[in-house]
Amino acid sequence: MTEVIDRPISLFDVSDPSIYANDTWREPFAALRRAMPISWCPKSPFGPYWSVVTHDLIREVEAKPHIFSSADEYGGITIIDLEPERSLPNFIAMDGPRHAAQRRTVQPAFNPSEMERREDEIRGRTRALIESLPLDTPFDWVEKVSTELTIGMLAILFDFPWEEKADLRRWSDWSSDLRPPELRDEAFLAESSFQLNQMLARIDRLMEEKRALPPTDDLISRMVHSEAMGHMPERERLGNYALLIVGGNDTTRNSMSAFADICARDPAKLDQLRTHPDLVANATQEVIRWQSPVSHMRRTALEDHEIGGQTIRKGEKVVLWYISGNRDEAVFADPETVDFARENARRHLGFGFGVHRCVGARLAELQLGILFAEVARRGARLEPAGKPQWAPTPFLHIYAQLPVRLVQA
Ligand code: HEM
């Protein structure tokens, strides 16, 4: 194949999983923002791709879904090109009316009235957990708090039996394990397929139980009684279950961990929320901006098109790095600083932008706001009890471990 030279070649391959595991991704992105807001990386573990790293260009691409497709048949929404037999259709990886119809089906489960209905339950569960945390004893915040709260939320959202919620956690981990092809050996593929089939069978059973009952407002009931999602083929059911489980779980989980990391590094942050509880809502946006739980979304060009002065050719992969757009100095002053009072924190791209913007954003905001308020209310101080560990993946920005300790303030 002849080399393409009509484009700026990326100074860095920002898809390299090790920069996420080592937490060294900030400088490469800052350099790209300064020198080349859009650039071509000809070689990476995930093949060639365009990197879009500034706030305005990410929004520009997302505002043109008819040109920059999310659809599975062209490669889907992550930098990883999955083999067709591994790719599961779901509505985040669909375009046009099919996407719109499925999104419309689940959207009411996240309406303000539904959130209001859930608030007391979320607060009660969060308060009980935060009050049960030991003083002066190191523990892993990811395991004890972030994972526990988000899996619990998911079980409630799916009306899933509480005593089986460990299964949801395991399926979520398998669904979001998008390792590069060379790391997907036969044992991995066999276990992955076993886990996903187990998830399909269990949630199908839940769906059938709901089908037999009159429609209600919860997520599964809405899906099963709808025209758009009531009779999906097997792989599409599996894909949509995985989307809702991963979408609602890994993302919120990592924002919860980021909050604890921020407060452990700087005790003044928790004091600020204690003295100014009115800052909680803005703080949730700032934490999502700073953490960017979804590092990127990918699109594929359906035709030649110019963005930021570069011609993207039909069929090329375009990676939208939210983790960089959320640090764009042109929009966010002093972007590495966490400022709970940041006046434009809401402009972050952590939930994406345009027709695919996160449908569960309100639920995430509600869970995070309640957690922040409850940690402030507990009155203890968070301290680091070891180094955070991050997962080696360029897709979700994952805290694998966050050792902390609570001490009396
Ligand atoms: C879509 C981030 C929480 C369900 C998305 C997208 C992002 C995102 C970046 C893609 C947007 C785009 O392509 O423009 C986040 C973050 C969260 C979070 C950072 C937490 C802090 C949730 C929750 C749920 C959820 C709690 C539900 C249980 C979904 C679904 C989509 C989506 C179903 C697909 C929407 C569509 O394609 O129309 N989310 N999300 N997310 N999210 Fe979230």
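Predicted model: local features only at pLDDT ≥ 70, side-chain atom pairs only at ≥ 80, totals over all residues.
Biologist: Which protein atom is the donor of the iron atom of the ligand, and at what distance?

Modeller: The loop between helix H13 (322-325) and helix H14 (361-378) holds cysteine 358. This cysteine is among the residues that come nearest to the ligand, together with Glu62, His99, Arg103 and His356. The only protein donor of the iron is Cys358 through its SG atom, at 2.3 Å.

Biologist: Which polar side-chain atom lies 2.6 Å from an oxygen atom of the ligand?

Modeller: Tyrosine 322 has a polar side-chain atom 3.4 Å from a ligand oxygen. Glycine 247 contributes a backbone N or O atom, 3.1 Å from a nitrogen of the ligand. The distance of 2.6 Å to a ligand oxygen belongs to a polar side-chain atom of histidine 356.

Biologist: Which element gives the largest share of the shell around the ligand?

Modeller: Two or more residues of the shell come from each of helix H4 (96-106), helix H10 (234-265) and strand E5 (296-301). The largest share, seven residues, is that of H10.

Biologist: How many residues of the shell around the ligand are charged?

Modeller: The shell contains 31 residues. Of these, 17 are nonpolar and 10 are polar, and the charged residues number four.

Biologist: How many of the 32 residues of H10 are buried?

Modeller: H10 reaches 46 Å from its first C-alpha to its last, close to the 46 Å expected at 1.5 Å a residue. The helix is mostly covered, and its buried residues number 27.

Biologist: Which residue in E2 is the bridge partner of isoleucine 38?

Modeller: Strand E1 (residues 38-41) and strand E2 (residues 49-52) run antiparallel and are joined by four bridges. Cysteine 41 stands opposite tyrosine 49 in E2. The partner of isoleucine 38 is valine 52.

Biologist: Are the two faces of E1 covered or uncovered?

Modeller: On one side of E1 stand Ile38 and Trp40, and on the other Ser39 and Cys41. These four residues are all buried, and both faces are therefore covered, where buried means under 20% relative accessible area.

Biologist: Why is one side of strand E4 (139-140) left without a neighbour in its sheet?

Modeller: The sheet is open and antiparallel, with three strands in the order E4-E12-E9. E4 and strand E9 (380-384) stand at the edges, so each is left with a single partner strand. For E4, the antiparallel pairing over two bridges is with strand E12 (residues 403-408).

Biologist: Which residue in E12 stands opposite phenylalanine 139?

Modeller: E4 and E12 are joined by two bridges in the antiparallel sense. Across from phenylalanine 139 stands valine 404.

Biologist: With which side chain does threonine 54 make a polar contact?

Modeller: Threonine 54 lies in the loop between E2 and helix H3 (55-62). Its relative accessible area is 7%, so threonine 54 is buried. At 2.9 Å, the side chain of threonine 54 makes a polar contact with that of aspartate 56.

Biologist: How far apart in space are alanine 391 and aspartate 23, C-alpha to C-alpha?

Modeller: Alanine 391 is placed in the loop between strand E10 (389-390) and strand E11 (399-401). With 14% relative accessibility, alanine 391 counts as buried. Alanine 391 and aspartate 23 are separated by 368 residues in sequence, but their distance in space is 9.5 Å.

Biologist: Is serine 292 buried or exposed?

Modeller: The loop between helix H12 (280-291) and E5 contains serine 292. Most residues other than glycine have a negative phi. The phi of serine 292, by contrast, is positive, near 50°. With a relative accessible area of 0%, serine 292 is buried.

Biologist: Is aspartate 334 buried or exposed?

Modeller: Aspartate 334 is located in the loop between H13 and H14. Its phi is near 50°, a positive value in a residue other than glycine. The relative accessible area of aspartate 334 is 52%, so this residue is exposed.

Definitions and conventions. Residues numbered from 1 in each chain as written. Heavy atoms only, no water. Near = heavy atom within 4 Å. Polar contact = N/O pair within 3.5 Å; in protein donor to acceptor, adjacent residues only side chain to side chain. Nonpolar A, V, L, I, M, F, W, Y, C, P; charged D, E, K, R; others polar. Expected span 1.5 Å × (residues − 1). Buried < 20%, exposed > 50% of the residue type's maximum accessible area, 1.4 Å probe, protein only. Pairing = 2+ DSSP bridges. Donors = N, O, S within 2.8 Å, 3.2 Å for Na, K, Ca; no water.
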